[in-house]
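User: I'm new to this one. Can you put the structure up and take me through it?

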Amino acid sequence: MSELVVRRLLIDLETPLPRHWCAGDAFRTAFFNSLSMSFPVGEQFFIDAVRNGLKALPTEQQAPFQAEVQGFIGQEATHRRIHSLFNQHLETQGLVNDWAPRAERNMQLLAGTNPRHALAVTAANEHFTAIFAEWLLRNPELLEPCEPRLKTMWLWHCAEESEHKATAFDVYAALDGSHAWRIKWFRRITFVFLSDTLRQTVNNLRRDGSLWRWTTWTSAASFLFGQRGLVRQTFRPWRAYLRRDFHPNQQANELSGRWLADNAPLYTVVSRPGQAT
């Protein structure tokens, strides 16, 4: 099991942020903003899914997961709080979060169902965030020259997502979750996640007045499909999830540990495994 440390990020999210905070690039800003808009609702769903999954295990099987689940919940709760603060700035700038209420409605459909379903949904989403995190940690220059506070926020979030990428997957497996349902939910979440990201990004650009600018779409093409593009570099790790013998820890996370070690002054440790958060 992973030892998940809960950290408090030491950045100022009170001071107003520039509209195009990502190097003046409208598309990259809108894309990252759209992801952030999904996080408070999504992180709470993941917390509930993993917590309920742990409770569904026989009592004698819960102990090996207790510390990791506690760390997972602490990290995700911190991400939820940080992105809620960031999203307040987006609201002030006139952006409208259509993703969160749609996600909440979809999540309600799982209320009262077998906890394996919510865990499978969470494991799928955690795979998306993990491969995105690895990609961004490998290409941090894509956040240059961005607003320094937000560069730190995104790379810190990526580092922790890489740390806890296996938690939901392992609890799902401990509950004897089937490979077939894991893959069914993964395919569904792939469609939902990509379509929601696109819809919210386009909506952000439309409200920003940048949707039909040529530079917006050239930036999008490079960011997604260029030599170091997101789609180009994450397709293989995305596909790896389909293997019957897949496990999240098969994908490297050295970049996560390196970033956390190199940037220790940017956060404080709130709790370590086994401690109260």
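User: By class, what residues does the lining of the second largest pocket have?
Analyst: The lining of the second largest pocket has eight nonpolar, six polar and two charged residues. Nonpolar covers Ala, Val, Leu, Ile, Met, Phe, Trp, Tyr, Cys and Pro; charged covers Asp, Glu, Lys and Arg; the others, Gly among them, are polar. This is a predicted model, where local features need pLDDT of at least 70, side-chain atom pairs count only at pLDDT 80 or more, and totals for chains, interfaces and linings use all residues. Residues are numbered from 1 along each chain as its sequence is written, and side-chain values use heavy atoms, leaving out hydrogens and water.

User: Which helix gives that pocket the largest share of its lining?
Analyst: Helix α1 does, with six residues. Helices here are DSSP runs (H or I, at least four residues), numbered from the N terminus. Closest to the centre of the second largest pocket are F45, D48, M107, Q108 and A111.

User: And how much space lies in the largest pocket?
Analyst: About 1,100 Å³. On a 1 Å grid over the protein atoms alone, a pocket is an open set of points where a 1.4 Å probe fits, with protein on both sides within 12 Å along at least five of seven lines; lining residues have an atom within 4 Å of a point. The volume is the space filled by probe spheres set on the points, which are joined across faces, edges and corners.

User: Switching topic. Is α6 mostly covered or uncovered?
Analyst: Mostly covered: six of the eight residues in α6 (167-174) are buried, meaning under 20% relative accessible area with a 1.4 Å probe, protein chains only. They are T167, A168, F169, D170, V171 and Y172.

User: What covers them?
Analyst: The cover includes α1, α2, α4 and α7.

User: At what angle do α1 and α8 cross?
Analyst: Roughly 60 degrees, with the axes coming within 8 Å. Axes are lines fitted to C-alpha atoms, for helices over the stretch in contact, and angles run from 0 to 180 degrees between N-to-C directions. The two helices are therefore oblique to each other, the class left after under 35 degrees (roughly parallel), over 145 (roughly antiparallel) and 65 to 115 (roughly perpendicular).

Key. Buried means under 20% relative accessible area, exposed over 50%, partly exposed in between (1.4 Å probe, protein chains only). Contact means heavy atoms within 4.5 Å.
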